[in-house]
Amino acid sequence: MIHCHLTKNRRPSRRNWILIGCRRVLSLCLLVSWFCVAASAAVDEPASWKAGVARAVITPEKSVWLAGYGSKRAPDGKLHDLWMKALALEDGDGQRVVLITSDFQGVPKIMSDRVFEQLRQRFKLQRQDVMFTFSHNHCGPRLGDDLIDYYPVEAEQEMLVSEYTDLMVTKSVALVGEALANLAPARLQQGTGETTFAVNRRNNREADVPNLLASGTPLVGPVDHAVPVLTVTRPDGTLDAVLFGYACHPTTLSFTTWCGDYPGFAQLEIEKAHPGATAMFVNTCGGDQNPLPRRTVELCQRYGHMLATAVEETLQGPLKPVSLGLRTAFEMVDLPYLNTVSRGELVELSQDEAGIKGRWARRLLKKLEAGGDFEAAYPYPVHAWRLGQEMLVIGMGAETVVDYALRFKAEFGEGTWVCGYADDMISYIPSRRVWEEGGYEGGSNLYEYGRPAFRWSGEIEDLIAASVHKLVNEVRE
Ligand SMILES: [Zn+2]
């Protein structure tokens with residue numbers, strides 16, 4: 001038996017040789033196929049976008065006045081909380097951008113500059129990689145020196161505004177840090193919807209609008225009723241964020257209760273329909289557009305619902321995928337004033353005790369008396385971001401009128417977003433057409449924003465458009 005056993009071990013039968021051979025071949029095949037799968041995972045696994053979302057409540061806890069109308073407006077409660085939200089995106093090469101959206105009325109340069117500097121130091125985010133947008137919500141709080149001469153001067157209020165602004169700088173930086181920390185694989189898709197409640201307020205008298213609408217008489221003047229939509233979806237199909245835009249002033253309400261006006265209601269409705277998702281709003285170029293008729297909470301909710309419905313219809317698809325790749329460009333372009341205000345004009349206007357012009361003149365005179373002078377131009381922020389081959393985001397400071405969005409969308413084609421109200425509140429930014437027509441958005445009203453002049457030079461549209469074209473060429477190269 002022993003002999004036999006040894007013999008068997010030493011000399012396998014012909015059948016066993018075949019079995020052993022088969023096993024070895026099988027093992028080799030398994031090993032090779034495992035290597036193939038591993039290698040293909042490393043080589044063929046498509047690099048994907050990474051996205052990170054974060055949100056923070058910014059409703060003031062103290063009695064900071066509501067912003068945007070020239071009067072004392074102490075808060076008397078809230079309809080819902082105010083929010084600041086951030087979307088961080090990273091492409092396959094580690095290039096990152098962060099978009100901040102917020103329910104602020106106006107973020108001034110003295111505030112956003114502090115945020116940009118801290119983001120550069122803490123997260124190595126360069127200026128061209130961050131856009132700080134605000135919806136221009138007139139039921140949001142005052143910030144820094146935004147519209148400083150608009151409001152009666154009260155020492156305690158100035159202190160509260162300053163304290164709240166400091167808090168918001170800290171909160172913005174922390175929010176961006178959180179969005180970056182949340183970066184994880186995601187798919188981006190875009191589409192465009194439409195809703196029609198924005199009315200060109202220069203070309204239609206507010207008092208006439210209800211009758212015109214009721215009688216079916218067409219309203220007049222340029223509008224941009226597009227609702228651009230960008231979705232962020234996780235690999236398991238979960239909708240994580242919906243960014244959407246509309247060109248219209250959030251001035252449905254003028255009371256003293258915190259809320260996000262129509263964009264606030266729209267975001268709440270979208271988030272309710274998609275639990276766990278964050279809805280984010282950008283005001284595209286709504287400087288000369290109003291939600292009309294207005295001034296009731298019911299109308300505000302109705303406009304929010306109309307906007308949310310346009311977003312939902314767009315989400316039904318088909319949405320277009322945004323391919324991978326991120327390029328950014330930014331510059332400050334100097335926008336010249338027609339004339340800076342003279343000392344003589346200021347002395348005369350400073351006699352006005354209670355009005356905006358008087359406060360403005362006295363503040364500027366103090367600057368002259370302290371040895372200061374007035375700049376002949378204002379540094380205007382312009383962004384261009386290219387997302388994949390399909391999407392171009394142009395970011396522009398301040399209250400751009402609708403002509404800018406219509407122009408750049410026509411010039412740069414499908415997939416172009418033109419966001420106003422980015423980085424700095426500044427003033428209205430008229431197109432050449434609106435500048436020539438004059439009136440509220442085009443005329444001599446820069447003093448309302450604290451600028452040392454009454455009017456912009458007539459060439460500002462040309463200067464802005466030249467800058468936009470230069471930056472778009474850079475990101476499309
Ligand atoms: Zn405005």
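By class, the lining of the largest pocket is made up of 14 nonpolar, 1 polar and 9 charged residues, where Ala, Val, Leu, Ile, Met, Phe, Trp, Tyr, Cys and Pro count as nonpolar, Asp, Glu, Lys and Arg as charged, and the others, Gly among them, as polar. This is a predicted model, in which local features need pLDDT of at least 70 and side-chain atom pairs count only at pLDDT 80 or more, while totals for chains, interfaces and linings use all residues. Residues are numbered from 1 along each chain as its sequence is written, and side-chain values use heavy atoms, with hydrogens and water left out.

The largest pocket holds about 520 Å³ of space, and among the 24 residues that line it, Asp145, Tyr378, Gly450, Arg451 and Pro452 lie nearest its centre. Helix H3 (109–123), helix H9 (356–369) and strand E13 are the elements that give two or more residues to this lining; helices (H or I, at least four residues) and strands (E, at least two) are DSSP runs, numbered from the N terminus. A pocket is, on a 1 Å grid over the protein atoms alone, an open set of points with protein on both sides within 12 Å along at least five of seven lines, whereas a cavity is a set of points where a 1.4 Å probe fits but cannot get out, and lining residues have an atom within 4 Å of a point. Grid points are joined across faces, edges and corners, and a volume is the space filled by probe spheres set on the points.

The second largest pocket has a volume of about 300 Å³, and its 19 lining residues include Gln190, Thr192, Glu414, Gly415 and Thr416, which lie nearest its centre. Two or more residues of this lining come from each of strand E5 (184–194), strand E7 (226–233), helix H10 and strand E16, and the lining divides into 7 nonpolar, 7 polar and 5 charged residues.

Of the 13 residues that line the largest cavity, Leu99, Leu230, Leu243, Trp385 and Val393 lie nearest its centre, and the strands E2 (83–90), E3 (96–102), E13 (377–387), E14 (391–396) and E16 (416–419) each give two or more residues to the lining. The lining of the largest cavity has 13 nonpolar residues, with no polar and no charged ones.

Helix H10 (residues 402–412) also packs against helix H13 (residues 460–476), at an angle of about 35° and with their axes 12 Å apart; axes are lines fitted to C-alpha atoms, for helices over the stretch in contact, and angles run from 0 to 180 degrees between N-to-C directions. On the H10 side, Tyr404, Arg407, Phe408, Glu411 and Phe412 take part, and among the residues they meet in H13 are Ile460, Ile464, Val468 and Arg476. The residues of this contact divide into 8 nonpolar, 1 polar and 4 charged.

Ala405 is found in helix H10 and counts as buried at 1% relative accessibility, buried meaning under 20% relative accessible area, exposed over 50% and partly exposed in between (1.4 Å probe, protein chains only). Leaving aside neighbours within four places in sequence, Ala405 is in contact (heavy atoms within 4.5 Å) with Asp224, Cys285 and Val418.

Arg142, in the loop between strand E4 (130–132) and helix H4 (155–181), is likewise buried, with a relative accessible area of 1%. Beyond its neighbours within four places in sequence, the contacts of Arg142 include Trp65, Tyr151, Glu158 and Tyr164.
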